[in-house]
Amino acid sequence: MQRDAAFLQAWAAPSADLAGDDAPREHKRHYRSVWISDLHLGTPGCQAKALLDFLKHVECETLFLVGDIVDGWQLRRSWYWPQAHNDVVQKILRKARKGTRVIFIPGNHDEFARKYVGHNFGGIDVAEEWVHETADGQKLWVMHGDYFDGVIQCAKWLAHVGDSLYEFTLKLNRYLNSLRARMGLPYWSLSKYLKLKVKRAVNFIGDFEAAVAREARRRGVQGVVCGHIHHAELREIDGITYANDGDWVESLTALGEQADGRLEIIDWAEQMRARHLAPVAVAEVAA
């Protein structure tokens, strides 16, 4: 409980000026709105450096933090908070100070923040859910998604067991990718591969998406944006736009709204690969 309060106080605390740490203006990408979720700050699995790179290169009018930003479950088991995770928080705070509207919708891993719905911390509004209107007039219901997870709602102890197994998979994934890096191979997500190969996991994702879309239709909106299942997706389900912004543990994805209201999945892992390979390609052409 004391750790929860200390963290929330940190949101309102003055932060270091990271202005000199921004990407050059010509390398910036601009969106009307951006949604990110499932950062899981406070865990070794969080890809904080890639996330910080994303925040440096992307500007938007409204930034939605769609739950599981901080992993309170993991922090209660074992405190883990390296400088890179603090830098992410400071960067988000700086965006809020510079005029970006930041809306934080807590998830199940940072459910402690649900006690503060309606409050503002360091320029960040805490909300249970949100209805966002796109530039082309479509209404999107924004929520984390854990309320549609039967395991979370009916057997929370099982969710904690699954969380521990997931952490083990991520540790194994980091080991495998360190070997792949030495061999010159690109990043590969073991847990994402397993989810797409195991039939029950695939069925769970499909059932989750259908249930969320049905509820969006019942609420009279044209679409829904969520996170929770760590599976980036943008598609139509019975006339409802279903968007999941993915995560920053496995896929390194976000959801962006263009100036005209069009939505797109932002694959930041691919963006970083392209930036890394671009100088190599130029050198090869010159040679």
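Buried means under 20% relative accessible area, exposed over 50%, and partly exposed in between, with a 1.4 Å probe and protein chains only as cover. Helices (H or I, at least four residues) and strands (E, at least two) are DSSP runs numbered from the N terminus. The model is predicted: local features need pLDDT of at least 70, side-chain atom pairs count only at pLDDT 80 or more, and totals for chains, interfaces and linings use all residues. Residues are numbered from 1 along each chain as its sequence is written, and side-chain values use heavy atoms, with hydrogens and water left out.

**View 1**
Strand β10 spans residues 240-244. Five of its five residues are buried, so β10 is largely enclosed by the rest of the structure. In a regular strand the side chains alternate between the two faces of the sheet. On one side of β10 sit Ile240, Tyr242 and Asn244. Thr241 and Ala243 lie on the other, and both faces are covered.

**View 1. The five-strand sheet around β10.**
This open sheet has the order β6-β7-β8-β10-β9, with mixed pairing. Two strands pair if DSSP finds at least two bridges between them. The edge strands are β6 (130-133) and β9, each pairing on one side only. Neighbouring strands are turned by 20° against each other on average, direction ignored. Axes here are lines fitted to C-alpha atoms, for helices over the stretch in contact; angles run from 0 to 180 degrees between N-to-C directions.

**View 2. The two partners of β10.**
Strand β8 (residues 223-226) runs parallel to β10, joined by four bridges. Glycine 223 has threonine 241 of β10 as its bridge partner. Strand β9 (residues 233-237) runs antiparallel to β10, joined by five bridges. Glutamate 233 stands opposite asparagine 244 of β10. Isoleucine 237 is bridged to isoleucine 240 in β10. Two residues separate the strands in the β9 and β10 hairpin, where aspartate 238 takes a positive phi near 50°.

β4 and strand β5 (residues 124-126) are antiparallel, over two bridges. Phenylalanine 121 has isoleucine 124 of β5 as its bridge partner.

Contact means heavy atoms within 4.5 Å.

β2 and β3 are parallel, over four bridges. Leucine 65 stands opposite phenylalanine 104 in β3. β3 and β5 are also parallel, over three bridges. Valine 102 has isoleucine 124 of β5 as its bridge partner.

**View 3. Helices α2 and α4 by burial.**
In α2, nine of the ten residues are buried, and the helix is mostly covered. Among them are Leu51, Leu52, Phe54 and Leu55, as well as Asp53, Lys56 and His57. In α4, the buried residues include Val88, Val89, Ile92 and Leu93, along with His85, Lys91 and Arg94. The 15 residues of α4 reach 21 Å from first C-alpha to last, close to the 21 Å expected at 1.5 Å a residue. That expected span is 1.5 Å times one less than the number of residues. Glycine 99 follows α4 and has a positive phi, near 115°.

The protein has nine helices and twelve strands. Of its 287 residues, 48% count as buried. Mean pLDDT, the predictor's confidence in each residue from 0 to 100, is 81, and 70% of residues reach 70 or more. Over residues 14-20 pLDDT stays under 50, and the model has ten contacts there beyond four places in sequence. Residues 150-163 also stay under 50, with 19 such contacts.
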